[in-house]
Amino acid sequence: MKYVNHSIRAVLLLALLFAASGCTVTEGLTFTNTATHESAFDFTVEDFFIAVLQDFSEFIPPEGDDSLMDKAIGDFQRALDYSPTTDNVKLTKLNDNAYQGTFTFRNLQQLITDLGAGSNQSLLKMQKNSMTFFLSMDNYDQLVPVIPFLADENFEAFGPVYNQGLSEADYLEMISFMLGEEGPPAIEQSFITLQVKTPTSITSFSNGRKISDTLYEFSFPLIDFLLLEDPITFSVSWK
């Protein structure tokens with residue numbers, strides 16, 4: 001039983017790190033007037049998560065010399081390389097807490113499909129000059145293949161499917177029990193931020209904010225994803 005408990009805790013930590021990646025994630029999308037567009041992201045993990053991962057990594061069957069963090073990042077890179085719509089995929093480890101990544105793409109909607117969401121996915125819709133993202137409990141199952149660990153039986157109990165109707169306070173109390181008193185504030189300080197650079201002036205958007213004439217930003221707390229009480233959605237259009 002002790003082994004199982006530690007294993008669950010380690011899996012949960014990985015889930016918190018990569019459920020849209022935990023801690024601090026900034027994803028930048030640059031759309032151009034050409035056929036090729038760019039993506040760049042920064043991923044920073046708090047010392048607390050790193051320390052607990054190291055403590056419990058011995059309970060996860062080893063696969064080579066890579067750390068759990070490095071393996072997850074490597075799997076993500078291979079998934080990006082697999083899609084025929086991406087090129088120039090590069091992920092760099094800056095230190096034990098931070099990674100950077102870049103790649104170019106031709107069709108972002110096709111990339112989501114290629115990563116496993118399916119041809120009828122409703123997570124992301126791209127039109128000529130607009131982008132719309134919508135995630136709710138109704139299409140959460142489309143996201144699971146894109147981020148495979150979401151289907152892990154050890155994580156499912158901590159994700160939105162098993163926690164519908166649970167208040168934020170009750171959820172954080174559960175996390176405190178599982179990870180210790182540092183768990184809840186670490187989650188509360190975790191945000192996912194997306195910035196969209198458009199080739200021409202932004203004409204409209206929903207949620208988020210317009211930073212400049214051609215730069216839009218959408219940010220949400222990680223806890224919003226873990227509970228998914230309300231849809232996580234935004235849209236941005238340009239000339």
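Select Phe234: the residue is buried, with a relative accessible area of 3% (buried means under 20% relative accessible area, exposed over 50%, partly exposed in between, with a 1.4 Å probe and protein chains only). This is a predicted model, in which local features need pLDDT of at least 70 and side-chain atom pairs count only at pLDDT 80 or more, while totals for chains, interfaces and linings use all residues. Residues are numbered from 1 along each chain as its sequence is written, and side-chain values use heavy atoms, with hydrogens and water left out.

The structure holds 9 aromatic pairs (rings of Phe, Tyr and Trp, the last by its six-membered ring, with centres within 6.5 Å; planes under 30 degrees apart are stacked, over 60 edge-to-face, the rest tilted). Phe133 and Phe234 have ring centres 5.9 Å apart and planes at 25°, so the pair is stacked. Because Phe133 is in strand E6 (residues 130–135) and Phe234 in strand E11 (residues 232–238), the pair ties together parts that are 101 residues apart in sequence (strands, E, of at least two residues, and helices, H or I, of at least four, are DSSP runs numbered from the N terminus). Phe133, Phe205, Tyr216, Phe218, Phe220 and Phe234 form one aromatic cluster.

Next, select Thr198, in the loop between strand E7 (191–197) and strand E8 (202–206). Thr198 is buried, with a relative accessible area of 3%. A polar atom of its side chain lies 2.7 Å from the backbone oxygen of Thr200. Leaving aside residues up to four places away in sequence, Thr198 touches Phe31, Thr214 and Trp238 (contact means heavy atoms within 4.5 Å).

From Thr198, go to Asn33. The two are 165 residues apart in sequence, yet 9.1 Å apart in space, C-alpha to C-alpha. Asn33 sits in the loop between strand E1 (24–30) and strand E2 (37–44). Is Asn33 buried or exposed? Asn33 is exposed, with a relative accessible area of 67%.

Finally, show the second largest pocket, with a volume of about 280 Å³. A pocket is an open set of points on a 1 Å grid over the protein atoms alone where a 1.4 Å probe fits, with protein on both sides within 12 Å along at least five of seven lines; lining residues have an atom within 4 Å of a point. The volume is the space filled by probe spheres set on the points. Of its 17 lining residues, Phe31, Thr32, His37, Gln127 and Lys128 lie nearest the centre.

Conventions. Polar contact = N/O pair within 3.5 Å; in protein donor to acceptor, adjacent residues only side chain to side chain.
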